[in-house]
Amino acid sequence: MRPSQPTLPLFSSSILPTPSLSDLATYNNPHDLLALPTSTTEISVFRLSGQIAFVVRPKLRSEHAAITALQWKPDGSAIAVGWNDGTHGIFDGGTGRVVSEGRIGGQGKGEWRLDLHPSADEDEDEERAEGRAVSGFGWEVHSTGSGGKRRTGLEGLLGNEVVDTETWAEGWECEGLGKNPLDGLKSRLADLPRAIAVMDVTKVLPRLSALPAHGMRGGMDGSRFGTKAAADAVFETKGEDDAGTVDVLFVCTEAGEVQVLLDETVPIGNFTLASKPLLHASHPQSSTTAFLSRYQSDQIQLHTQTLPLGTLGGALLHTTSRDTTRVSNLLSYILQTLRCTTHDFTTSLALPTRLIQNISLTLSESSPPQGDLIHNLTHLAVTGTFKPALLEWLSDIVKEPGHKRWDAAITTLYANVQQHMFVHLLPALDRLSVAVTSLHGHAKYYDGAAVFDVPAQFFTNILEGIDALRIVAYKVLTICMGEWALWRTFSKWLRVMTDIAIAGPGSKTALEMEEKEAGGLDVGAVMEYVGEVLMGSQLADYVCVLPGFSGAVDGKEAFFTHPVVQAQSHDATLKVIERAAKEDAPRHVPVGDKAVVNLQAIAVSLVGNVRVAIERLAVWQGRLLETPSPPVQVDGALGAKMHDMRMLNPVGAESQLGLLSTEDGKLRLTVGLSTTDIGESASIDTIGEALDAKFMGDRTAICLCRHPDGFCLLAINPPHSAQAEAEPVSDHRVLHHFPADDAIQPASLVVGGRDRKEVVVVFSGDGRSWRTYDLAAGLRGLGDGAGDQGWDDDDAGEDEMDFR
């Protein structure tokens, strides 16, 4: 049988220099974007024309990390990426910026650490990661049926629109309130509790600023908050106005473990399938999600998971998920701020420390002894007399270039620390307080009830840690301003003394400079800086890592019983800060009190308390999920290759599934599949060997075939009943023919696009080349040679099949 020679209009043809992972390719239907892993570590997103829209370059945790799964969100706003170590990330669908990250099975599984190591809770050896490779995603935005049409009046009152009383009254009239005020008022007030519950008060707060790393290697959080756009994307409120929808993401592993995420980022539970998931199917109007998995080596099983959409779409879970996500993101922002603060403080002191060590070593080796640096500088400030070693140091080592670099380093230190405290840390703490207070309110309100059985004390502990950080941050700002003022005076005096030393003490030039600058130098401030700041800033007690307080500990109990963690409390921090504010208090914090005013130590304790609370929240949320249905053996699928599964528009109480598979090159269609019905299967006659097949909506399937004269794309039109027959059913249309000598040798396909704007992407075997064709034109009879098939616009709806 020799096929006809129709062709589809070509949108683009692309060739890569190296093979790609074309089996992971996924199409963004709303925006016509093709995501393709062009290597094991990088994803390129292509437009319909074949041009690159953007590239996703995730920061890898290990050199062995490789991409194993890829999936667009149904609305095209984000893309999920999975790796072979069990980690996964959500990236912005328009820019490729990282939005969130997680690890399947990693909730509460990481190390308990006594430091702010960037990769805390992320390090995992190969043995623990075995079987956790992400094998696929299932992403659906379900409708709860409670959203409905938004009422103009209520939307205006609670939204950004400014509404006066006259407009509000007009809204009532439009909705029939004038005819039946009581019914209209009840209808309006029914939406009020949820509208109030989901209001985001943080919208009135200024947006958080980007976190410049200043050369610090800060892990993934460095890229998450490295630019203003990236920070805005992380903290953007998602799903607040979608009162009638539930955004659920399933993350599947090769071992059969499935993690359920609400609103892309909040884990609400895990369940385990009996075998490795292969395909996923769901529908916005159905609460059932189906998973097709391979059991042992050749058996195919169907599992279904029913989601409690009414609960998941409720205001309590919505606000809890939103605030939990916010707490996690804000905590990451705060930890990155503290890392940057410590990094900027220590690196800025590198040059001044070398200069001071140079003169200190010279003075210690001088004979006869000339005293230490503080003694020499104080002597110079009081008498104006240079001792020999100090004179040589100022004229030969410090001189003008050295002084400028010293001044720039210290100025940068105080400017950066002040910015981190005032611009980054304090606003983030305010936002974190709002989110935790909301959770604390739920815990207090539902105290003793199963509706929200998370103790309020968990959130009280977090709020105490936040308040302690805030107190210390204000103290750091106070120290910063005081020391910076002293430094400016000392730096001016040091520049004058350096110029005098270079000109030669007692010389005419030196005397003129001395006379000129004498009135503008505050010797008292100079002596204060030399005596109390030069050899050690007060900031070190607050921003540097406590000696010996680092590394991992052996579990949760060891973490919370550590003396530094046990010492943390808001009251203890407040008492030490109040004592330090007294006039007779020592300039540096006593050793016994440093733990409760050290930013990093307080933050480590805060991380532990947040982790405990989130783990408890996860337990509560996990109880919302039902146990998956017992697996059902799929009829006729023994040893077959699964290509696509689709959940059709729900009919009745149980959703029906369609399944496309091939066995020995023969295409098989199964319809009516469910956990209570094995469905009906039929072998579909094709031209030659069936290589790949995909559903295109509920009414059409596209199949790629290989035959002696080349390759072809078929539109499959199965019989109204898929009952198995003695002979294969022959009902298909040829859409496109690839000659045997064509430059591309097709091996797989991806179908996507919007209604009547469908496209098909055909990949070569190695994934190096692909072509994008106008599938809609072929189905409507607009492709070359397709007109004889009778696929015109008027008949398209009749010719397309209906699997239901």
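**Stop 1: an aromatic cluster.** Select W393, W406, W487, F490, W493 and Y529. Together they form one aromatic cluster. Keep in mind that this is a predicted model. Are they buried or exposed? Both W393 and W406 are buried.

Stop 2: The structure holds 23 aromatic pairs. A pair of aromatic rings is described by the distance of the centres and the angle of the planes. Select F250 and F271. Their ring centres are 6.3 Å apart, with 70 degrees between the planes, and the pair is edge-to-face. Colour the strands next. F250 sits in strand β12 (residues 245–253) and F271 in strand β14 (residues 266–272), so the pair ties together parts that are 21 residues apart in sequence. F250 and F271 are both buried. Go back to W393 and W406 for a moment. Their centres lie 6.2 Å apart and their planes are at 70 degrees, so this pair is edge-to-face too.

**Stop 3: helix α11.** Select residues 373–383, which make up helix α11. Which of its residues are buried? They are L373, N376, L377, L380 and A381. Look down the axis of α11. The buried residues fall within an arc of 130 degrees, so they line one face of the helix. What do they pack against? Show α10 (350–365), α12 (388–445), α13 (456–503) and α15 (523–532); the buried residues of α11 pack against these. Then step just past the helix to G384. This residue takes a positive phi of about 75 degrees.

**Stop 4: Q336.** Select helix α9 (residues 315–348) and find Q336 in it. Q336 is buried, with a relative accessible area of 0%. The side chains of Q336 and R339 make a polar contact at 2.8 Å.

**Stop 5: cysteines.** A disulfide is a covalent bond between the sulfur atoms of two cysteines. How many disulfides does the structure hold? It holds zero. Select C705 and C703. C705 is in no disulfide; its nearest cysteine sulfur, that of C703, is 3.5 Å away. C705 is buried, with a relative accessible area of 0%. Now jump to C480. C480 is buried as well, at a relative accessible area of 1%.

**Stop 6: confidence.** Colour the chain by pLDDT. The mean is 81, and 81% of the residues reach 70 or more. Select residues 147–165. Here pLDDT stays under 50, and the model has 27 contacts beyond four places in sequence for this stretch. Finish at residues 720–728. Their pLDDT is below 50, and the stretch has 12 contacts beyond near neighbours in sequence.

Key: Residues numbered from 1 in each chain as written. Predicted model: local features only at pLDDT ≥ 70, side-chain atom pairs only at ≥ 80, totals over all residues. Heavy atoms only, no water. Buried < 20%, exposed > 50% of the residue type's maximum accessible area, 1.4 Å probe, protein only. Helix = DSSP H or I, 4+ residues; strand = E, 2+ residues; numbered from the N terminus. Arc of directions from axis to C-beta. Contact = heavy atoms within 4.5 Å. Polar contact = N/O pair within 3.5 Å; in protein donor to acceptor, adjacent residues only side chain to side chain. pLDDT = per-residue confidence, 0-100. Disulfide = S-S within 2.5 Å. Phe/Tyr/Trp six-rings, centres within 6.5 Å; stacked < 30°, edge-to-face > 60°.
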